[in-house]
Amino acid sequence: MAVNFYAAIPLMAVLAIIQTAILPRFPIAGVEPQLLFLVALAWGLLRGLDEGLVWAFIAGIWVDLFSLTPVGLSSLAFMAGVAAPILLQPMLPPRRLPVTALLAALGTLIYLLLYVIALGLLGHGLSAVGLAGLLPIVLLHAILVLPIYYVVHQLLRVLQPRRVEF
Amino acid sequence: MNLGRTQQRIRWLTLAILIGSGVLLTILDSTGALVGVLGFVRDPLTTVTDWTSARADAAGDIIAGPRNLAAAREEIAALQVQVEEQARTIEELSEAQGEAQVLRDLFNRAAETPEYRRVLADVIGQDTNPAIESILIDKGVDDGVRTGMPVESARGLVGQIYRASNNAAQVALLTETASAIPVRLGTTRATGILRGAGRGALPTIDWIDLQYVVEVGELVMTSGLGGKFPEDMIIGRVVQVERNEAELFQRAVVQPAVDFRTLETVFVVTEFETVDTEIFSEEP
């Protein structure tokens, strides 16, 4: 857990720079995915609730460092968006791509919902048009989570190779 | 059994610590207590972001090159058709004249305000949150940039500095919901407050007196009232008027002159002449 925790900090920093400096120039079908959230979610789905929450917390801190929102707000929204799919995961068929996509869509929806409510409370409320503009992110995340899940899975194999017992 | 219970306790404790930290950080940052600490973290990051942004720009130009050429050809063809149509109708000619006037006003404006002190800044990033509209620029406190300063581009007002660290600053765009700018309309001279409506929606001017007959296409500029913005900075044009005789005020929807998604370079206005409001404080 400790190694993964320390790995999350620099990895999320790099992703935050990509999110702010590169993704806005290369949107996918006009939509920018929330890369840090997806990585935290994929990590949580692979490693469980505890690590998922820690990764979501760290991801949120980095996101807010490049945003107008107060630091910590995204962490709270990310944690809720990561926790719900992980808690739901055991009730669904394991290791199925559509299930992972569905969980990502659900997590994104929860994260965005909480985030928009919190923004409204802080005076950054969104119009109906603005809210509708966020919905394509849910669909994009459902698709994009699959390659990210694979990459995170490979990263985990590097960070924590399986022990072979004789 | 006990081990399981201990793990459960640790899990709850972790969750409580994380949520508590999130709430605490949100409160502390909202009150401005974390400015120094966060600035210390942001500064080295913005240097990296600046470098990354420049490389991403170059890569983007290479990738978009052929597409731009095709788009430009299509645009030229469309413009040729438009020019022919404009030759036939006076209304469309006058519209074209109006557009030209906006551009002329902008150039004149830049020449007319040499007394303003401006800092040129590159846009190095956009807000990482999908619901918020802000940009990151590569100039900060070390360059004289301070919170609240107006930010403009060649086409008009962009927004204002929301927070600044040593070598970078976050700019809240005028379309952001927390933005409120005192404005004046070009022809009717009516005043009001321009409020952002958030991502995907156009900003609106509230509190326009009903005695003014606001027309679609009217130029919207800063009024300078309040002292936070210089006067006569171009913001955009009125695209819709919401007038109801049963209400005390009318509203106008504004199309900003600036295309915020394509911003690359902006000016931070660090010094300007404020509107003299002393007259209102004098006793009769």
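Predicted model: local features only at pLDDT ≥ 70, side-chain atom pairs only at ≥ 80, totals over all residues.
In strand E5 of chain B, the bridge partner of Ala164(B) is Ala169(B). E5(B) covers residues 169-173 and is joined to E4(B) by five bridges, the two strands running antiparallel.

E4(B) itself spans residues 156-164, and nine of its nine residues are buried. On its other pairing, E4(B) meets strand E3 (residues 150-153) of chain B in the antiparallel sense, over four bridges. Within that pairing, Val151(B) stands opposite Gly159(B) of E4(B). E3(B) and E4(B) also form a hairpin, here with two residues between them.

These strands are part of a closed arrangement. Six strands of chain B make a barrel in the order E1-E2-E5-E4-E3-E12, with antiparallel pairing. On average, neighbouring strands of this sheet are turned by 45° against each other, direction ignored.

Strand E1 (residues 117-126) and strand E2 (residues 134-137) of chain B pair in the antiparallel sense over three bridges. Gly125(B) is found in E1(B) and stands opposite Leu136(B) in E2(B). The C-alpha atoms of Gly125(B) and Ile135(B) are 5.7 Å apart, although the two residues are 10 apart in sequence.

Is Gly125(B) buried or exposed? Gly125(B) has 29 other C-beta atoms within 10 Å, and 20 or more are required, so Gly125(B) counts as buried. Its contacts, leaving aside neighbours within four places in sequence, come from both chains. From chain A they are Thr20(A), Ala21(A) and Phe66(A). From chain B they are Thr49(B), Ser53(B), Ile135(B) and Leu136(B).

Elsewhere in chain B, strand E9 (residues 219-222) is covered on both faces. Leu219(B) and Met221(B) are buried on one side, and Val220(B) and Thr222(B) are buried on the other. E9(B) has pairings with E6(B) and E10(B). Strand E6 (residues 180-185) of chain B pairs with E9(B) in the antiparallel sense over three bridges, and there Val183(B) stands opposite Thr222(B). Strand E10 (residues 234-242) of chain B also pairs with E9(B) in the antiparallel sense, over three bridges; the bridge partner of Val220(B) in E10(B) is Gly236(B).

Taken as a whole, chain B has four helices and 12 strands. Of its 284 residues, 34% are buried. Among contacts in chain B with a separation of 6 or more, 58% are between residues 24 or more positions apart.

The text now turns to the helices of chain A. H5(A) has 25 residues, which should span 36 Å at 1.5 Å a residue; the end C-alpha atoms are 36 Å apart, so the two values agree. The buried residues of H5(A) include Leu103(A), Gly107(A), Tyr111(A) and Leu112(A). Those buried residues pack against helix H2 (35-47), H4 and H6 of chain A. H5(A) is followed by Gly123(A), whose phi is positive, near 90°.

H4(A) has 16 residues and reaches 24 Å from its first C-alpha to its last, close to the expected 22 Å. Buried residues of H4(A) include Leu73(A), Phe78(A), Met79(A), Val82(A) and Pro85(A).

In soluble globular proteins, nonpolar side chains tend to be buried together. In this model the largest nonpolar core holds 105 residues. Which of them touch the most other members? They are Leu36(A), Val39(A), Ala40(A), Ala59(A), Ile137(B), Val171(B) and Ile235(B). H3(A) gives the largest share of this core, 11 residues. Leaving aside neighbours within four places in sequence, Leu36(A) is in contact with Met12(A), Leu15(A), Ala16(A), Gln19(A), Ala59(A), Trp62(A) and Val63(A).

The contact between the chains takes 43 residues from chain A and 43 residues from chain B. On the side of chain A that touches chain B, helices H1 (2-22), H3 (49-65), H4 (73-88), H5 (97-121) and H6 (128-159) of chain A each supply at least two residues. The largest share of that side, seven residues, comes from H1(A). By type, the residues of this side divide into 26 nonpolar, 14 polar and three charged.

Note on methods
Residues numbered from 1 in each chain as written. Chains lettered and ligands numbered in written order. Contact = placed C-beta atoms within 7 Å. Nonpolar A, V, L, I, M, F, W, Y, C, P; charged D, E, K, R; others polar. Pairing = 2+ DSSP bridges. Axes fitted to C-alpha atoms, helices over the stretch in contact; angles between N-to-C directions. Buried ≥ 20, exposed ≤ 12 C-beta atoms within 10 Å, placed from the backbone. Core = buried A, V, L, I, M, F, W, Y, C linked by C-beta atoms within 7 Å. Expected span 1.5 Å × (residues − 1).
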